[in-house]
Amino acid sequence: MEKLFQQLPSVDKLLKTTQGQQLNEQFGHSAMVRVCRELLQQARQQIKFLQKLPHFCVDEQHFLQQVAVQLRDSQQVKIQVVHNLTGTVLHTNLGRALWAETAQQAGLNAMRNNVALEYDLQAGQRSHRDNYISELLCQLTGAEAACVVNNNAAAVLLMLAGLAKDKQVVISRGELIEIGGAFRIPDIMQQAGCYLREVGTTNRTHLSDYANAINEDTALLMKVHSSNYQICGFTAAVAEQQLVALAQQYALPVISDLGSGALIDLRQYGLPYEPTVQEKIAQGVDLVSFSGDKLLGGVQAGIIVGKKALIERLQTHPLKRVLRCDKVILAGLEATLRLYLQPEKLLEKLPILTKLTLSVSELTAQAEQLKVRLENKLNSDYSLQIKPSSAQIGSGSQPMARIPSVAVTIQGQHLTHLMARFKALPEPIIGRLEQDKIWLDLRSVADLQELLKTVEKL
Ligand SMILES: *Cc1c(COP(=O)(O)O)cnc(C)c1O
């Protein structure tokens, strides 16, 4: 064993070799020394427990090759590009909406430059970072004012903390939802310091339930979009208009967490109905909150629109400072919202809409290309087919609705092994395993050409 220990090179010696000096030059001294020490430590452990040298210790050259591998790997960004063939277009785990071209440009500009973020160029004085976006949001939604924060969960927290701290919030039992990732309405209420006053039952809540719950401690009435679940059968919920009429009798606000928050009626594209922000504002809801990276098709943000006096309270709340967005996000959001000023062009310019509206025949043509490339790479153990598939919007938008789609399916013996090969690619391919087949659904693919190139590396 002593002999084996003696065979290990010293850091000094490694650094003096030509290869060692090159690595030192390329990655810097401290990283180089750190990795050498880590590998030596690893080698000592292996000698101690297995009484043999690791493979990279045969000579200095191999050792330094291993050092180089680790130094390069430490610079490899692990939030890497993946190809989404799950059929879920807005996949939270895969980063939700893709940015539109103009949003990318705006974001990049903001990254590289100083921007007039809180500066009014006309007046030559300080302004507010939400101003530009507020104007746009008001124009698009008919609201009086707007406020932008980090995400919709933050928006809900800010609305509750800002308007209902130490007071009661009345909400239907059917809307006490969990979205995932520890976003549960009762928990958010607790964090915001308000008291949950649940009314009605899981499946049915009536206007009288709300009316009976209102007392001097009530701060507001709340509606929450049920997002990722649906109740069917014997159900009843109170529409916003009725709730607003009731709340007005007591001078209470109604707030609504809309979740996805579409800014256009998706039915015009043959997609399932999703309530729009405009509708809620028109129904008199005082504050509506929604995400920026769900159906809106933009950046991660939480948007609150509604009555001016209430928005002002939120804008001046200390939590707003904590939850505010940075310049890149605000630039990307502004550019995305500007696309909505030209609705006829949206389909072409907003990736989420382009994806959701691709025809089955277009998807079939794409699937054929993918199938040919895959067949070139996979041996006869696998049999590939093109099959009708059903995609979904994802991120809690219309959980039961399926959008017709097309998939390449793969049948064969070692599917989990093949899935692992897909995931080991430089740009991993993520499909779904279902009914003893791998399903590669084309509707959620961001870039077909890049996907085809990636398949070549299989
Ligand atoms: C998605 C969703 C949220 C959370 O939004 P994030 O932008 O992910 O923070 C909150 N409420 C509802 C109803 C949702 O659908």
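Biologist: Which residue stands opposite Leu440 in β17?
Modeller: In this predicted model, strand β14 (residues 403-411) pairs with β17 in the antiparallel sense over four bridges. Within β17, Asp441 has Ala407 as its bridge partner. The residue that stands opposite Leu440 is Val408.

Biologist: Is strand β17 buried or exposed?
Modeller: Lys437, Trp439 and Asp441 point one way from β17, while Ile438 and Leu440 point the other way. Residues count as buried under 20% relative accessible area, and five of the five residues of β17 (residues 437-441) are buried, so the strand is largely enclosed by the rest of the structure. On both sides, then, the residues of β17 are buried.

Biologist: Which residue takes a positive phi in the hairpin of β16 and β17?
Modeller: Strand β16 (residues 432-434) runs antiparallel to β17, and three bridges join the two. Leu433 stands opposite Ile438 in this pairing. The hairpin has two residues between the strands, and the one with a positive phi near 50 degrees is Gln435.

Biologist: What angle does the direction of helix α18 make with that of β14?
Modeller: Neighbouring strands of the four-strand sheet are turned by 35 degrees against each other on average, direction ignored. Helix α18 (residues 360-377) packs on this sheet and touches β13, β14 and β17. Its direction and that of β14 make an angle of about 15 degrees.

Biologist: At what angle to β17 does helix α19 run?
Modeller: Helix α19 comprises residues 415-423. This helix lies across β14, β16 and β17, and its angle to β17 is about 35 degrees.

Biologist: Which strands stand at the edges of the open sheet of seven strands?
Modeller: The order of this sheet is β4-β12-β11-β10-β9-β5-β8, and its pairing is mixed. Two strands have a single partner strand each, so one side of each is left without a neighbour in the sheet; these are β4 (145-149) and β8.

Biologist: What is the bridge partner of Ala145 in β12?
Modeller: Strands β4 and β12 run antiparallel and are joined by five bridges. Helix α7 (residues 131-141) lies across β4, β11 and β12, at about 120 degrees to β4. The partner of Ala145 in β12 is Gly306.

Biologist: Why are helices α8 and α13 described as roughly perpendicular?
Modeller: The axes of α8 (residues 152-164) and α13 (residues 308-315) come within 9 Å. Leu158, Met159, Gly162 and Leu163 of α8 make the contact with Leu310, Arg313 and Leu314 of α13. Angles of 65 to 115 degrees count as roughly perpendicular, and because the two axes cross at roughly 100 degrees, α8 and α13 are roughly perpendicular to each other.

Biologist: At what angle to β11 does α8 run?
Modeller: Helix α8 lies across β4, β5 (168-172), β9 (218-224), β10 (254-259), β11 and β12. Its angle to β11 is about 155 degrees.

Biologist: Which residue does the UniProt annotation "modified residue: N6-(pyridoxal phosphate)lysine" cover?
Modeller: The annotation comes from an unreviewed UniProt entry. The residue concerned is placed in the loop between β11 (287-291) and β12 (302-306). The record assigns the annotation to Lys294.

Biologist: Is Lys294 buried or exposed?
Modeller: Not counting residues up to four places away in sequence, Lys294 touches Leu90, Arg96, Ala97, Gly259, Ser260 and Ser395. Its relative accessible area is 5%, and the limit for a buried residue is under 20%. Lys294 is therefore buried.

Biologist: Which side chain does a polar contact of 2.7 Å join to that of Thr205?
Modeller: Thr205 is placed in the loop between β8 (195-199) and α10 (207-213), and is buried with a relative accessible area of 3%. Not counting residues up to four places away in sequence, Thr205 touches several residues, including Arg173, Val199, Tyr210 and Val238. The polar contact of 2.7 Å joins its side chain to that of Ser172.

Key. Residues numbered from 1 in each chain as written. Predicted model: local features only at pLDDT ≥ 70, side-chain atom pairs only at ≥ 80, totals over all residues. Heavy atoms only, no water. UniProt positions renumbered as here; feature names shortened; annotations may be inferred. Buried < 20%, exposed > 50% of the residue type's maximum accessible area, 1.4 Å probe, protein only. Contact = heavy atoms within 4.5 Å. Pairing = 2+ DSSP bridges. Polar contact = N/O pair within 3.5 Å; in protein donor to acceptor, adjacent residues only side chain to side chain. Axes fitted to C-alpha atoms, helices over the stretch in contact; angles between N-to-C directions. Parallel < 35°, antiparallel > 145°, perpendicular 65-115°, else oblique.
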